[in-house]
Amino acid sequence: MSKITTELLLERAVPRSTRLRKIETLNLSKLQLKTGDLDPRLFSRLRHLQKLDLSDNLLDKFPSSLTLPDLRVLNCNNNKLEDVTALKQFPLLEELTYENNVYLTLNDDYKVMFLLQNLRLLNGKDITKLANHVRCANSRKLTSKVTAHWKKFFRDQLPEKYTAEQVKSIKEQFLKSVQTNVVYGPSSLSEFTRWRVKMIAEEFLAYSLGVELNSDTEPEEKTDENEEESTESPKEAAEDVAQVVHICDPLVTVTPTKRKRNHSKSSPGKKRSKTQANTEEEAAEDVSAEPLHFLQCHSKGNSREDFKTQLWSCVFEPVLDSGARKDPIVSSSRTVATCGGESVCLIDCETGTVLKKYKVATEEFFSVAWTTLTMVLSDSRKKAHNILAAAGRRGIVKLIHVAADFCYGEIKAHKKPIATVCFSPTQETHLFTASYDKRIALWDIGIPDCDYNFKASQLLVLETASTPLRIALVPTCPEQYLLAGCEGGCFAWNIKLDKGQKSRPFEAIFQFPDEESMTTSHRVDGLAFLNDDVVVSKSSKPGCIYLWSWSRSFDTKGKGCQRTISAVILAELEWSTTDMSYLTLSTCPAREYVFCGDEKGSVWMYNLSSYTTAWGSAKGKRSERRISPTQILTWPELRVNGEQPPEILVNNVVADPAFTYLVVLTSVNITAIWKKS
């Protein structure tokens, strides 16, 4: 007798239901289910099921006719699946996870990417670009190879008039030969390539010779019975989507006619006219970034009226180096983590979808950072996973395994709030936390085992004279020197771990120009490296961002602590005349860009590619004039519930490594996403 009954389905619905056809979310995890327990006749009554959890069972495959026409999310983690091709019966599937199925490989990942045209997330990772490559570029290349193989070796073997027996013989020979000889891509994908080659060859023969073919792939199911289920009016479909995403997706609407083309090289003290912003000369210099989404996803208590929550930090998820992520078509992630108020969100920049949301009611998050850890799974296999660290007012670091949607641990790092965190680029378990207790701590967060047991340890404490606001590791020596922008200046520490001293004072404090003299006493609330040598820092001096040379300012062979060093200034960037603090900056080293928001909701962008070569020379001189912004993205006129939001400050702005997306965090609980055209 099957373990699954109508009563069980109603009981395991989320929330519980009284009718099968009303169930949208169903949890059938940890029931020791086998494939035979999935009764197609019973499942065919789940016409509106969108989310199904079958994790932690004993399934070795899927029945070919479960008939779930509206299924969007499927979790099959921790089963015994051997094949994925039956999943094509769920054409609307958008999110699929099947981790810890020991018989599934990278080849199966590629199969589902080809079969499921709407699939966006696989095992927690955005596979949109890679899937498009698999379906299009990969298929074109294989089709070309299959056709060439036929023309070269088999076309002339077929007589002008042929019998069914001759066609059958040629077909068998061709299918065997083409799967053996057509090679494409890495050897790790050879099974997927043979699978696709056979499929393409059969389609080619059917088209060319009219041959009826029996494919090993599962036949497509008829859906006559379910056609009426998909006949929603556009209005009904829109209402359904709004019910799913209204808490996290935009409550803000942009009036299309108010999206202005953004001006270039304008003086901050001058009023900028619409005419000026639309001249042809400026369009030639325009980066052509357009507003894409405006999201209100950090609201306290999910309130639609919350325009007070400050958003502070965002960072793009790193692209994993293992498995499918090695494909060269995947150049940069479009998933970004943002934090502010009581929540941390993961956002798909292209669609504006909030993929995941993590909340702590008593916390105010100030900073997030990513690292990639190679974890050992329960079957002793090793796999790379992205881990997100989030910290804030409580002085606690939360460690989140995003793919598993699980906060597996915390580190009580400081007794006062943590202003910012960052991971070492060379030691994946090394995390720096900068706190209002005037200390910067270095932690080894360890690597969790398959049960998420881990051990964190403090390796180093850097003493600061004032509250650290921004930290940056020196790119040429990230294991030896760290820079920090603090309330009382810009400092450097030697962080090399082979030194015996665990608690260390700063090694150097940097002086910057202040009217007619040099000073160390100023708030540095923006700090980042533009390349291996050029540092970008923003101080409390209004209207100015400095670019200076690390190597020419700091002598690594110098001796003694707490030295005062004059920063070798390369240039100044023209910025807003506001004296408002904590509007931080960021850089995009690959594109040689600097970004900084202002007190009016605008984003100042500087393309410095024409300057960096000169700065890199030993005799590189300081630019005499301030460098104007290449472009200023002005905040569009928005309507929130029919009204304009209050005064908008841009607290942070970050681009992905390829500068495809620009994420803008504001003081009014709005995340703006711009896309480079």
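With which side chain does the side chain of aspartate 598 make a polar contact? Select tryptophan 604 together with aspartate 598, and you will find their side chains in a polar contact at 2.8 Å, the term standing for a pair of N or O atoms within 3.5 Å, of which, within protein, one must be able to donate a hydrogen and the other to accept it, while residues adjacent in sequence count only if both atoms are side-chain atoms.

The model shown here is predicted, so local features need pLDDT of at least 70 and side-chain atom pairs count only at pLDDT 80 or more, whereas totals for chains, interfaces and linings use all residues. Residues are numbered from 1 along each chain as its sequence is written, and side-chain values use heavy atoms, with hydrogens and water left out.

**Around aspartate 598**

Stay with aspartate 598, which lies in the loop between β33 (593-597) and β34 (603-607), strands being DSSP runs of E with at least two residues, numbered from the N terminus. Aspartate 598 has a relative accessibility of 3% and therefore counts as buried (under 20% relative accessible area, with exposed over 50% and partly exposed in between, for a 1.4 Å probe and protein chains only).

**Aromatic pairs**

Next, select phenylalanine 406 and tyrosine 452, whose ring centres are 4.9 Å apart and whose planes meet at 70°, so that the pair is edge-to-face. Rings of Phe, Tyr and Trp (its six-membered ring) pair if their centres lie within 6.5 Å, and planes under 30 degrees apart count as stacked, over 60 as edge-to-face and the rest as tilted. Phenylalanine 406 belongs to strand β16 (residues 406-412), while tyrosine 452 is in the loop between β19 (439-444) and β20 (457-463), 46 residues apart.

Move on to phenylalanine 510 and tryptophan 548, a tilted pair with 4.8 Å from centre to centre and 50° between the planes. Phenylalanine 510 is in strand β25 (residues 508-514) and tryptophan 548 in strand β29 (residues 544-549), so the pair ties together parts 38 residues apart in sequence. Phenylalanine 510 is buried at 0% relative accessibility, and tryptophan 548 is likewise buried, with a relative accessible area of 0%.

**A charge over a ring**

Finally, select arginine 196 and phenylalanine 114: the charged end of arginine 196 sits over the ring of phenylalanine 114, 3.8 Å from its centre (NZ of Lys or CZ of Arg within 6 Å of the ring centre and within 35 degrees of the ring normal).

Conventions:
Helix = DSSP H or I, 4+ residues; strand = E, 2+ residues; numbered from the N terminus.
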